[in-house]
Structures are given as C-alpha cells and as structure tokens.
Amino acid sequence: MGCCSGRCVLIFLCCVQLISAVERQAFDFLGFQWAPIMINFFHIIVVILGLFGAIQYRSRYVIMYLLWTLLWIGWNVFVSCLYLDLGGLSKDSDVLSLGLSSHHSWWKDNGPGCRSENLPSPAWQNQQNPELTTVQSCWLEYQYIEILHCGMQLLISLLGVIYAFFVASSFASEEESYYK
C-alpha cells in the first residue's frame with residue numbers, strides 16, 4: 001500500500017501538531033500553568049498515537065485522534081475566550097494555574113519587545129515615598145500571543161479533523177473490501 005495523499009497529509013499534520021504542542025508545553029512550563037501542561041501532555045500522547053495509526057493503517061488510533069482533536073478544539077476555544085475575557089472568563093483568574101500558584105502566562109513579562117519602564121509613582125511626586133513604578137511596554141500584549149497560539153492550534157486541528165475523517169473512512173472501505 002502506497003502513501004495516499006490524505007494519509008500523508010494526516011502524518012504531516014500530526015508532526016506539525018507535535019512540534020507546536022511541544023513549543024506550547026515549554027512556555028506553559030515557564031509560566032507554571034498547570035492545567036495547560038496536563039492537557040498538552042495528553043495531547044502529545046494522543047497525537048503520537050494518531051501518527052502511529054496513520055502510519056500503521058490502524059483506524060482505531062485515527063478515530064481516537066479524531067475524537068481527541070475535537071476536544072482539543074474545544075480547549076483552544078476555551079483558552080481563547082479566557083484571554084479575550086469573553087463569557088464571564090477572565091485572563092487574570094487562576095484557572096490555568098489550578099489555583100496552586102499566582103503565576104500567569106510566561107509571555108506577560110517576556111513578550112516580543114517587552115521592556116520595563118520605571119516611572120515615578122504618584123507618591124514620588126508628593127515626596128512621601130520615593131518608589132518607582134514599573135510599567136510594561138510590549139510590542140504585542142501577552143493575551144494576543146496566547147490567542148495566536150490557540151488560533152494556530154485551531155487551524156492545524158481543523159485540518160487534522162478533516163483529514164482524519166477522510167483517512168478513517170478510507171481505512172474502513174479498505175477493510176470492507178479486504179473481507180469481501
């Protein structure tokens with residue numbers, strides 16, 4: 001059996017998902033965001049199994065990958081809504097760190113073009129307290145970087161769902177023709 005185009009595309013999409021999930025996992029570790037760390041870990045495992053299923057013609061693994069990818073799409077929509085403060089969610093909540101720490105997105109302090117500017121606090125002007133207030137100046141705010149990550153994951157996942165449907169149905173038709 002050669003590499004049909006749908007199967008090859010699914011293998012490619014699984015590889016891209018693995019690379020982007022490992023990159024996202026690294027930044028979630030840096031931000032101590034425990035919920036995304038656990039979900040990314042499961043995502044990496046299921047994508048590896050989906051890759052194995054596409055390579056080895058195992059329709060059950062491809063279907064498992066398909067179902068998990070639908071959940072993954074829901075997770076990324078949830079995270080996007082969280083960072084956009086939609087639906088009663090707030091990016092300042094401790095949902096992603098599971099309430100275990102006060103950490104936040106790593107990108108909040110280390111985003112592209114972020115630099116701290118020390119400005120005199122209002123107390124400094126009154127000569128009562130000579131503290132300096134630190135203000136972050138970033139080229140792109142952290143919540144938009146997180147939303148871009150989610151958008152990239154959504155795009156890859158939607159393509160993965162489409163090709164997983166195609167590959168699973170082609171595997172099923174091959175199995176039916178084999179048994180006839």
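Does valine 77 count as buried, exposed or partly exposed, and at what relative accessibility? Valine 77 counts as partly exposed, because its relative accessibility is 38%, and buried would require a value under 20%.

## Overview

This is a predicted model. The chain has 180 residues, and buried residues make up 38% of them. It contains 6 helices and 2 strands. Read from the N terminus, the order of elements is α-α-α-α-β-α-β-α.

Contacts can also be sorted by how far apart the partners lie along the sequence. Taking contacts between residues at least 6 apart in sequence, 68% join residues at least 24 apart.

## Helices H1 and H2

Two packed helices are described by the angle between their axes and the distance between the axes. H1 covers residues 5–30, and H2 covers 34–56. Their axes are 9 Å apart and the packing angle is about 160°. That angle makes H1 roughly antiparallel to H2, since angles over 145 degrees are classed this way. The crossing of H1 and H2 is left-handed. Sorted by class, their contact has 17 nonpolar, 5 polar and 3 charged residues.

## Helices H2 and H3

H3 spans residues 59–83. The axes of H2 and H3 come within 8 Å and cross at roughly 150°. H2 and H3 are therefore roughly antiparallel to each other. Their crossing is left-handed. The contact of H2 with H3 contains 16 nonpolar and 4 polar residues, and no charged residues.

## Helices H1 and H3

The axes of H1 and H3 come within 14 Å, with a crossing angle of roughly 40°. H1 and H3 are therefore oblique to each other. The crossing of this pair is left-handed.

On the H1 side, the residues that meet H3 are Leu10, Cys14, Gln17 and Arg24. On the H3 side, they are Val62, Tyr65, Thr69, Trp72, Trp75, Asn76 and Val79. By class, this contact has 7 nonpolar, 3 polar and 1 charged residues.

## Nonpolar cores

In soluble globular proteins, nonpolar side chains tend to be buried together. The largest nonpolar core in this model has 19 residues. Within it, Leu10, Cys14, Val62, Tyr65 and Ala164 touch the most other members. H1, H2, H3 and H6 (142–179) each supply at least two residues of this core. H6 gives the most, with 6 residues.

Which residues does alanine 164 touch, not counting residues up to four places away in sequence? They are Leu10, Val62, Tyr65 and Leu66. A second, separate core has 14 residues, including Ala35, Val46, Trp75 and Tyr83.

Valine 77 lies in helix H3.

Glutamate 146 is placed in helix H6. It counts as buried because its relative accessibility is 6%. The C-alpha atoms of glutamate 146 and valine 79 are separated by 8.2 Å, and the residues are 67 apart along the chain. Leaving aside neighbours within four places in sequence, glutamate 146 is in contact with Tyr83, Ser105 and Trp107.

Most residues other than glycine have a negative phi. Where does tyrosine 57 lie? Tyrosine 57 is in the loop between H2 and H3. Its phi is positive, near 60°, and it is not a glycine. With 23% relative accessibility, tyrosine 57 counts as partly exposed.

Aspartate 85 also has a positive phi, of about 60°, although it is not a glycine. Aspartate 85 lies in the loop between H3 and helix H4 (107–110). Its relative accessibility is 35%, so it counts as partly exposed.

Conventions. Residues are numbered from 1 along each chain as its sequence is written. This is a predicted model: local features need pLDDT of at least 70, side-chain atom pairs count only at pLDDT 80 or more; totals for chains, interfaces and linings use all residues. Side-chain values use heavy atoms; hydrogens and water are left out. Axes are lines fitted to C-alpha atoms, for helices over the stretch in contact, and angles run from 0 to 180 degrees between N-to-C directions. Helices (H or I, at least four residues) and strands (E, at least two) are DSSP runs, numbered from the N terminus. Angles under 35 degrees count as roughly parallel, over 145 as roughly antiparallel, 65 to 115 as roughly perpendicular and the rest as oblique. A crossing is left-handed if the near helix is turned anticlockwise from the far one by less than a right angle, and right-handed if clockwise. Contact means heavy atoms within 4.5 Å. Ala, Val, Leu, Ile, Met, Phe, Trp, Tyr, Cys and Pro count as nonpolar, Asp, Glu, Lys and Arg as charged, and the others, Gly among them, as polar. A nonpolar core is a set of buried Ala, Val, Leu, Ile, Met, Phe, Trp, Tyr and Cys residues joined through side-chain atoms within 4.5 Å. Buried means under 20% relative accessible area, exposed over 50%, partly exposed in between (1.4 Å probe, protein chains only).
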